[in-house]
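Please open the model in your viewer and keep the sequence panel beside it. The tour below tells you what to select at each stop and what you will find there.

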Amino acid sequence: MDESIVSVEVILSSIQVLRGHRVILDADIAALYGVETKALVRAVTRNRGRFPDDFMFRLTSDEFRALRAARSGNHVWGGRRHAPYAFTEQGVAMLSSVLRSERAVAVNIEIMRAFVRVRAMLASHQDLIRRLDELEAKYDEQFVVVFTAIRQLMAPPDVPPKHPIGFRSADQP
């Protein structure tokens, strides 16, 4: 298949980190598969034994409220009464055994490729940090400025997200 059924960029934009896991929400997966979210959830519910907690989890009401606030401008939640399910990479792989359409299989292949790409990007970043540490240990004090500048360029920007997702402790504003 020369052209993928869904672009990797669309899939990558659907992957987010919740509870320390890279996940895709049920509504996003349903949109990629071209099915209604309730049909996807029904299929998963009928096969609940295939989805242990490390494959899929349901967001808490607080997580769902925060997510709604953060994504309100670019996501339609409709009349959803229940918090969404979040599927890890393994959960998405298991979905291909539950949803057997050709589109679901093709989209799953692309989603797996996207997860692999995310892992490769993270590994590449970690490799760069390790190599920089080795170089820094090898050279003397006169290169400290260079290494400091490189580390500043590698660091993520200090701009906080518009609407942070997650929990705040009582002492945080």
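The stops that follow go from the strands to a loop, then to the salt bridges, the helices and the cores.

**Before you start.** This is a predicted model, in which local features need pLDDT of at least 70 and side-chain atom pairs count only at pLDDT 80 or more, while totals for chains, interfaces and linings use all residues. Residues are numbered from 1 along each chain as its sequence is written, and side-chain values use heavy atoms, with hydrogens and water left out.

**Stop 1: the strands.** Select residues 16-18, which are strand 1, and residues 21-25, which are strand 2; the two pair in the antiparallel sense over three bridges. Helices (H or I, at least four residues) and strands (E, at least two) are DSSP runs, numbered from the N terminus, and two strands count as paired if DSSP finds at least two bridges between them. Within this pair, Gln16 has Val23 of strand 2 as its bridge partner.

**Stop 2: the loop at Arg19.** Move to Arg19, in the loop between strand 1 and strand 2, a hairpin with two residues between the strands. Most residues other than glycine have a negative phi. Arg19, however, has a positive phi of about 55 degrees although it is not a glycine. Arg19 is also partly exposed, with a relative accessible area of 43%, where buried means under 20%, exposed over 50% and partly exposed in between (1.4 Å probe, protein chains only).

**Stop 3: the salt bridges.** How many salt bridges does the structure hold? There are three, each being a side-chain nitrogen of Lys or Arg within 4 Å of a carboxyl oxygen of Asp or Glu. Next select Arg65 and Asp62, whose closest N and O atoms are 2.2 Å apart in a salt bridge; being three residues apart in helix 4, they are separated by about one helical turn. Finally, Lys38 forms a salt bridge with Glu36, with 3.8 Å between the closest N and O atoms, and Lys38 is exposed at 53%, while Glu36 is exposed at 52%.

**Stop 4: two helices.** Select residues 26-33, helix 2, where seven of the eight residues are buried. Just after helix 2, Gly34 takes a positive phi of about 80 degrees. Then select helix 5 (residues 89-98), in which Glu89, Gly91, Val92, Leu95 and Val98 are buried. These residues cover an arc of only 160 degrees around the axis (taken from the directions from the helix axis to the C-beta atoms), which puts them on the same side of helix 5.

**Stop 5: the cores.** A nonpolar core is a set of buried Ala, Val, Leu, Ile, Met, Phe, Trp, Tyr and Cys residues joined through side-chain atoms within 4.5 Å. The largest has 27 residues, and those with the most contacts inside it include Ile11, Leu40 and Ile111. Helix 6 gives the most to this core, with six residues. Apart from it lies another core of nine residues, among them Leu18, Leu25, Leu67 and Ala83.
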